[in-house]
Amino acid sequence: MTMQTCHKKSSIKGKLFSLVVFKYKRDTLVHRSNFKTELRSVLRKLQGRRRIMETTEANERPKILGGCMKTRNVQALAADHNLLTADILEKYIRPEMAVDDVLLENNSEEIPVIDMSRLMDEVSREEEASKLKCACEDWGFFQLVNHGVPEKVIEELKEDLMRFYDLPLEKREEVAQLPGDLEGYGQAFIASEEQKLDWADMLYLFTQPPHFRNYKHWPSQPPSFRGSLENYSNATQEVAHCIMGFMATILGIKRETISEIHGSQTVRINYYPPCANGHDKMIGLSPHSDGCGLTLLLQVNPVSGLQIRRNGKWLPIVPLPGALIVNIGDALEILTNGRYKSIEHRAVINAKEERISIAALHSPSFEKTVGPLAEIVGKGTPLFKSVTMPEYVKLFVSQKKIYGKKMVELLKLNP
Ligand SMILES: O=C(O)CCC(=O)C(=O)O
Ligand SMILES: [Fe+2]
């Protein structure tokens with residue numbers, strides 16, 4: 001089924017119109033005098049963007065996500081000193097964490113910044129595309145500015161998330177994960193009482209295509225949450241398609257190849273409570289690379305915590321105002337036969353302040369195969385095995401823990 005058939009024609013027209021108006025408003029600041037030509041060209045570009053939105057995805061959502069052992073809600077633990085006994089705290093303490101593994105925050109100025117409006121503009125496209133190439137091949141991470149996700153959409157989601165985390169535990173747990181299922185509010189990859197735990201709670205939801213959504217896992221409080229997340233999901237899905245389209249051009253493959261493999265979006269909303277006691281020996285999210293193709297990360301409140309692996313050290317990332325942090329996942333490393341690299345990253349926690357982030361994870365279609373693309377391998381040698389997407393997900397969840405570049409390692413040929 002194509003993405004397009006999932007939407008009613010009228011809603012596509014409405015969406016296209018609001019995008020035109022949004023982009024027109026932005027563009028007219030610069031080209032006020034040239035309104036008609038500008039509007040026509042924006043329309044053409046948007047129609048181009050819509051073409052690459054036509055992607056394939058299965059008729060039904062996958063049922064192979066597996067579950068996670070239920071453990072304590074971390075926000076509740078952090079809020080009540082009586083609950084956080086020495087024994088429980090010990091489960092979150094990592095004695096091996098070393099401060100000198102971390103680079104200074106001002107080094108994060110180096111991380112590439114890609115300007116989406118410059119990619120959309122014919123005059124600056126080539127120059128910006130060469131920065132994008134370097135960002136994907138050398139960094140695997142970049143900050144994306146002028147991405148076109150309306151500020152209102154971001155602000156409404158941020159506000160609703162803060163309101164959700166202000167609810168009492170019983171209300172938040174109305175959307176708690178059910179046994180055997182990863183969707184909902186809880187944690188991921190906990191397989192035993194003995195393992196060290198991450199200091200965070202997670203809300204994990206299928207968001208795209210729309211027929212994959214299961215609203216029983218979506219918070220009903222605050223009431224505007226559903227609409228805010230839908231708007232944000234639609235906008236980020238479009239940005240991800242657009243970026244992947246540019247990546248295809250840079251890789252010298254057909255745009256349709258990338259849009260074919262871009263099927264679904266899930267969101268992982270991370271809540272990291274503060275912890276005054278031992279925060280520098282705790283991890284909010286263990287080192288990992290994302291299993292998906294492309295991640296767009298939004299930091300919800302202005303508290304840093306993301307660190308990426310760079311030259312054997314951890315480099316803290318300070319998001320630019322309004323930027324999305326984009327990173328390559330394992331599936332894209334495999335599909336590009338290693339030309340693009342997924343990068344390990346982790347989240348650390350703050351002594352005094354909570355931190356919230358939302359990762360929009362874009363994955364290949366459940367009807368496709370994850371393996372080196374023939375167009376890229378050419379006469380060369382494939383470096384990875386090819387597996388169907390359902391097999392890929394099964395393998396991902398069967399590992400029962402989060403670690404390193406898991407999928408890249410598991411599918412490597414002749415490791
Ligand atoms: O919270 C962060 O900054 C990182 C989140 C992340 O890596 C993820 O959700 O996969
Ligand atoms: Fe991640």
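Which residue in β11 stands opposite L306?

1. The model is predicted. In it, L306 faces A347 of β11. That pair belongs to the contact between β8 (residues 306-310) and β11 (residues 345-347), two antiparallel strands joined by 3 bridges. Strand β8 is mostly covered, with 4 of its 5 residues buried.

2. Strand β8 also pairs with β9 (residues 313-316), again in the antiparallel sense, over 4 bridges. R310 has K313 of β9 as its bridge partner. The two strands make a hairpin with 2 residues between them, and N311 in the turn has a positive phi of about 50°.

3. An open sheet is formed by 8 strands in the order β1-β2-β10-β7-β12-β5-β4-β3, with mixed pairing. Because β1 (113-115) and β3 (184-186) are at the edges and have a single partner strand each, one side of each lacks a neighbour in the sheet. On average, neighbouring strands here are turned by 25° against each other, direction ignored.

4. Within this sheet, β7 (residues 294-299) and β12 (residues 355-363) run antiparallel and are joined by 6 bridges. L297 is placed opposite A359 of β12. Helix α10 (residues 225-251) packs on the sheet and touches β2, β4, β5, β7, β10 and β12. The direction of α10 makes about 135° with that of β7.

5. On annotation, an unreviewed UniProt entry places "domain: Fe2OG dioxygenase" at residues 263-364. Over that range the chain is 6% helix and 44% strand. The end C-alpha atoms of residues 263-364 are 5 Å apart.

Notes
Residues are numbered from 1 along each chain as its sequence is written. Chains are lettered from A and ligands numbered from 1 in the order in which they are written. This is a predicted model: local features need pLDDT of at least 70, side-chain atom pairs count only at pLDDT 80 or more; totals for chains, interfaces and linings use all residues. Side-chain values use heavy atoms; hydrogens and water are left out. Buried means under 20% relative accessible area, exposed over 50%, partly exposed in between (1.4 Å probe, protein chains only). Two strands pair if DSSP finds at least two bridges between them. UniProt positions are given in the numbering used here, feature names are shortened, and annotations may be inferred rather than shown by experiment. Axes are lines fitted to C-alpha atoms, for helices over the stretch in contact, and angles run from 0 to 180 degrees between N-to-C directions. Contact means heavy atoms within 4.5 Å.
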